[in-house]
There are 2 protein chains.
Amino acid sequence: MKVLITGSSGLIGSMLVNALTDQFDIFGLDARESDNAPDVPTTIADGSDYEAMSKAFDGVDAVVHLAANAPVETPWPDVLKNNISATHNVYEAARQHRVKRVIFASSNHAVGNFEMDEPYSRIRVGDYEGLDPGGYAMVDHTAAIRPDSDYGVSKAFGEATGRYYHEHFGLEVACLRIGTVNAQNSPKGSVRTLATWLSHRDLAQLVTQCLTQPLGFEIFYGVSDNTWRFWDTDHAKNTIGYAPQDNGEDYRE
Amino acid sequence: MKVLITGSSGLIGSMLVNALTDQFDIFGLDARESDNAPDVPTTIADGSDYEAMSKAFDGVDAVVHLAANAPVETPWPDVLKNNISATHNVYEAARQHRVKRVIFASSNHAVGNFEMDEPYSRIRVGDYEGLDPGGYAMVDHTAAIRPDSDYGVSKAFGEATGRYYHEHFGLEVACLRIGTVNAQNSPKGSVRTLATWLSHRDLAQLVTQCLTQPLGFEIFYGVSDNTWRFWDTDHAKNTIGYAPQDNGEDYRE
């Protein structure tokens, strides 16, 4: 199974290449050469340049689309070019090259404004008084779109495009609303991170399930089995057998 | 109350200028000069050119944002420039110029794929057997985003951006998922149109209510009181007093 990973030299990209290379035939697509690029055949092309980037899709079975400007504060011109235009191009190149499946790295920021509401607004700052872990409604795949940034809007755009390409062209699509992934693979950055952490191995297992299990169009949250998480994981567990092993709470100091 | 209408020389734009000019101080914004342009002060600027278009927002109380490539088949490069980039610019210019309210012309195509499902798939072709008018669930403002085109994706983008600007910057936003509006102001184009028609006077009344009633962030369907409609109007009736007077069924031949 030939899998193309866009943004393959990025934080998540390089981690996933290493985690998936035993099981899949991995190729990379990246905007520029990098000293951090993992040792897989990699096409260098800007995602917003359809002619250049679409060459990487030839013969590919599935795409894991990670390439984007990741900071939530990314200014609009970069969001437009690197997140919106490039994401459209990924879906379109997948369709043109008869790729079966796209795993789209969406983000919790597509629905980030739920964190303005209780109890999420309290959990994110560690005010747990009167709350039981998990004893509140989880934000799930049916939640309204509530972006907290232009970046979040671009992720909602990628989800909407994915559903369109699924329903009209039969592309299989999973959108992963990824929580907090960091280089140190640790939830200790803040009290919020204890709730929102996604460990590297849980992410790798989630993506593996997305690549190997039956799939139509789905939205899944990418979050570890954290005691104080407020994003649903049942849908991913029930649909594709997501089996998170880590819990941010184990790292509370 | 100073109201800026973008796309003021278009089909809906010129109709709304005429309908609203007695009640509001109307200004236009359009990409180019037109013989059809209504006789109101109009800024000529491309919506994707922020510096040029944003000048029209000075001193404005509310914006009715209609400017877009309207055909559902609009190719992606035009959607990106004229629907996505220009719509972002409208929200951002509204924020920068302290405009209070934006009425965004969204579209039924943001959720158009519900028409692939029964009973909507049958109603749209006139197969009413066993159905009672209105005796089925309406597609409403809580429905999942299911665009039927890049155009539909761009309208979902505009709604997501509107919610972000409302929740973060306090902008008041109504997104109107407009049905079928045509120059002849008639529902007789097809059997689907009998269900999806929005008459000119119902649209003008809906926009007037959006401009004058209390508003946070809302999604409303723009459809007349058609016997076989499948889009909810209760939310607009209950929230802002939308009072449609027309019914496509009265024109069935």
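**Strand pairing in chain B**

In chain B, strand β1 and strand β2 (residues 25-30) run parallel and are joined by five bridges. Helices (H or I, at least four residues) and strands (E, at least two) are DSSP runs, numbered from the N terminus, and two strands pair if DSSP finds at least two bridges between them. The model is predicted: local features need pLDDT of at least 70, side-chain atom pairs count only at pLDDT 80 or more, and totals for chains, interfaces and linings use all residues. Residues are numbered from 1 along each chain as its sequence is written, while chains are lettered from A and ligands numbered from 1 in the order in which they are written.

- From β1(B) the chain passes through helix α1 (residues 11-20) of chain B to β2(B), in a right-handed β-α-β crossover. A crossover is called right-handed if, with the strands pointing away from the viewer, the path from the first strand over the helix to the second runs clockwise.
- β1(B) is also joined by four bridges to strand β4 (residues 62-65) of chain B, and these strands run parallel. Here B:L4 stands opposite B:V63.
- Strand β1 (residues 2-6) of chain B is mostly covered, with four of its five residues buried. A residue is buried if 20 or more other C-beta atoms lie within 10 Å of its own, exposed if 12 or fewer, and partly exposed in between, with C-beta atoms placed from the backbone.

**Chain A: overall form and strands**

- Chain A contains eight helices and seven strands.
- Of its 253 residues, 53% count as buried.
- The radius of gyration of chain A is 17 Å, which agrees with the value near 18 Å that a compact globule of 253 residues would have. This radius is taken over C-alpha atoms, and the globule rule is 2.2 Å times the number of residues to the power 0.38.
- Taken along the principal axes, the C-alpha atoms of chain A fill a box of roughly 55 × 35 × 35 Å.
- Among the contacts in chain A with a separation of 6 or more, 68% are between residues 24 or more positions apart. Two residues are in contact if their C-beta atoms, placed from the backbone, lie within 7 Å.
- Strand β1 (residues 2-6) of chain A pairs in the parallel sense with strand β2 (residues 25-30) of chain A over five bridges, and A:K2 stands opposite A:D25.
- Four bridges join β1(A) to the parallel strand β4 (residues 62-65) of chain A, where A:T6 has A:H65 as its bridge partner.
- The buried residues of α1(A) are A:I12, A:G13, A:S14, A:L16 and A:V17. They pack against β1, β2, β4, β5 (101-107) and α7 (200-212) of chain A.

**How the two chains meet**

- In the interface, 21 residues of chain A are in contact with 20 residues of chain B.
- On the side of chain A that touches chain B, α3 (76-96) and α5 (150-169) of chain A each supply at least two residues. α5(A) gives the most, with nine residues.
- The residues on this side of chain A divide into eleven nonpolar, six polar and four charged. Ala, Val, Leu, Ile, Met, Phe, Trp, Tyr, Cys and Pro count as nonpolar, Asp, Glu, Lys and Arg as charged, and the others, Gly among them, as polar.

**Backbone details**

- Most residues other than glycine have a negative phi, and most peptide bonds are trans.
- A cis peptide bond, with omega about 0 degrees, joins A:E118 and A:P119. A:P119 lies in the loop between β5 and α4 (120-123) of chain A.
- A:N185 has a positive phi, near 50 degrees, and is placed in the loop between β6 (172-178) and α6 (191-196) of chain A. A:N185 is partly exposed, since 14 other C-beta atoms lie within 10 Å.
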